[in-house]
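Student: I have a model to go through. Can we take it step by step?

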Amino acid sequence: MLQVSRDNNLKIPKKIEIVERTANEIEDVIATKKGIAVATHEKFNQKKMREQMKVEEEELKIIDKIPSNANDLIVITVAKKLCAYVITVTEKSPKKFRGVFVNRMQNYCLDTIECLLEANFIRMDSASNKVKREHYQKEAIVKLKLLGYIAMVAESSGCILKKQYNQISMQLAETINLVIAWKKSDDERWRKRN
């Protein structure tokens with residue numbers, strides 16, 4: 001903390017403490033929600049809220065456990081993280097949705113990774129190979145858009161929570177943007193080459 005002395009000079013500390021906490025720690029979020037509940041005269045179950053926050057934190061930690069392989073394109077790594085998150089979230093879905101939404105969402109994720117890997121292994125040394133590579137990139141975008149639609153319907157049906165759907169949507173948008181950027185990059189390289 002900075003202090004001003006009587007002669008208006010700042011006393012700057014010689015050592016600054018390093019804070020290793022996140023900005024939105026569980027305790028901070030719980031205190032905020034408790035304050036809102038008290039202000040609006042609503043009931044607040046602190047124990048239940050703490051458990052819910054820990055579950056959410058664990059779901060997001062699974063994404064961080066996926067290593068970034070130096071050999072993989074960033075788009076493939078991001079797709080893998082999306083897939084890990086979707087599988088983690090849908091494991092806890094009610095049984096009645098497992099045959100309808102859960103299988104579809106998980107399969108679209110896995111199909112996307114398959115398409116991206118297929119595209120990555122095709123060398124752009126001929127026009128036919130460029131067309132094949134483009135086909136797999138487009139196929140990956142289609143699978144991601146279908147995943148987004150199924151996730152939206154799953155959220156509205158109660159299969160996944162709204163915050164889980166929001167997280168899936170953010171990761172989907174990032175993955176789609178990376179696939180599009182990859183495709184544009186391929187087009188530029190092809191134009192320069194020919």
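Tutor: Start with a cut-off: a residue counts as buried under 20% relative accessible area, as exposed over 50%, and as partly exposed in between. Keep in mind that this model is predicted.

Student: Is Lys143 buried or exposed?

Tutor: The cut-off for buried is under 20%. Lys143 has 17% relative accessibility, so Lys143 is buried.

Student: Which side chain meets Lys143 in a salt bridge, and where does the partner lie?

Tutor: Lys143 lies in helix H5, and the partner is 32 residues apart from it, in helix H4. The N to O distance is 3.9 Å, and the partner is Asp111.

Student: Which residues are linked with Lys183 in a network of salt bridges?

Tutor: Take two pairs. Lys183 meets Glu134 at 3.9 Å, N to O; Lys183 lies in helix H6 and Glu134 in helix H5, so the pair ties together parts 49 residues apart in sequence. Lys183 also bridges to Asp187 at 3.7 Å, about one helical turn away, because the two are 4 residues apart in helix H6. The residues linked with Lys183 in the network are Lys130, Glu134 and Asp187.

Student: How many salt bridges does the count give?

Tutor: The rule asks for a side-chain nitrogen of Lys or Arg within 4 Å of a carboxyl oxygen of Asp or Glu. By this rule the count is 9.

Student: How many disulfides does the structure hold?

Tutor: A disulfide needs cysteine sulfur atoms within 2.5 Å. The sulfur of Cys83 has its closest cysteine sulfur in Cys109, at 4.6 Å, so the two are too far apart for a bond. Cys83 is buried at 5% relative accessibility, and Cys109 is buried at 3%. The number of disulfides is 0.

Student: Which element gives the largest share of the largest nonpolar core?

Tutor: This core has 33 residues, and Met105, Leu116, Ile160 and Ile168 touch the most other members. The elements giving two or more residues to it are helices H3, H4, H5 and H6. The largest share, 10 residues, comes from H4.

Student: Which residues is Met105 in contact with, leaving aside neighbours within four places in sequence?

Tutor: Met105 is one of the core members that touch the most others. Its contacts include Ile160 and Ile168, which are also in that group of core members.

Student: Is Arg133 buried or exposed?

Tutor: Arg133 is found in helix H5. Leaving out residues up to four places away in sequence, Arg133 touches Ala119, Asn120, Ile122, Met124, Trp182, Asp186 and Arg189. At 8% relative accessibility, Arg133 is buried.

Student: Which residue follows H5?

Tutor: H5 has 31 residues and reaches 45 Å from its first C-alpha to its last, close to the 45 Å expected. The residue that follows has a positive phi, near 95°; it is Gly158.

Student: How far apart in space are Val100 and Cys159, C-alpha to C-alpha?

Tutor: Val100 lies in helix H4 and is partly exposed, with a relative accessible area of 48%. Val100 and Cys159 are 59 residues apart in sequence. In space, C-alpha to C-alpha, they are 9.8 Å apart.

Conventions
Residues are numbered from 1 along each chain as its sequence is written. This is a predicted model: local features need pLDDT of at least 70, side-chain atom pairs count only at pLDDT 80 or more; totals for chains, interfaces and linings use all residues. Side-chain values use heavy atoms; hydrogens and water are left out. Buried means under 20% relative accessible area, exposed over 50%, partly exposed in between (1.4 Å probe, protein chains only). Contact means heavy atoms within 4.5 Å. The expected span of a helix is 1.5 Å times one less than its number of residues. A nonpolar core is a set of buried Ala, Val, Leu, Ile, Met, Phe, Trp, Tyr and Cys residues joined through side-chain atoms within 4.5 Å.
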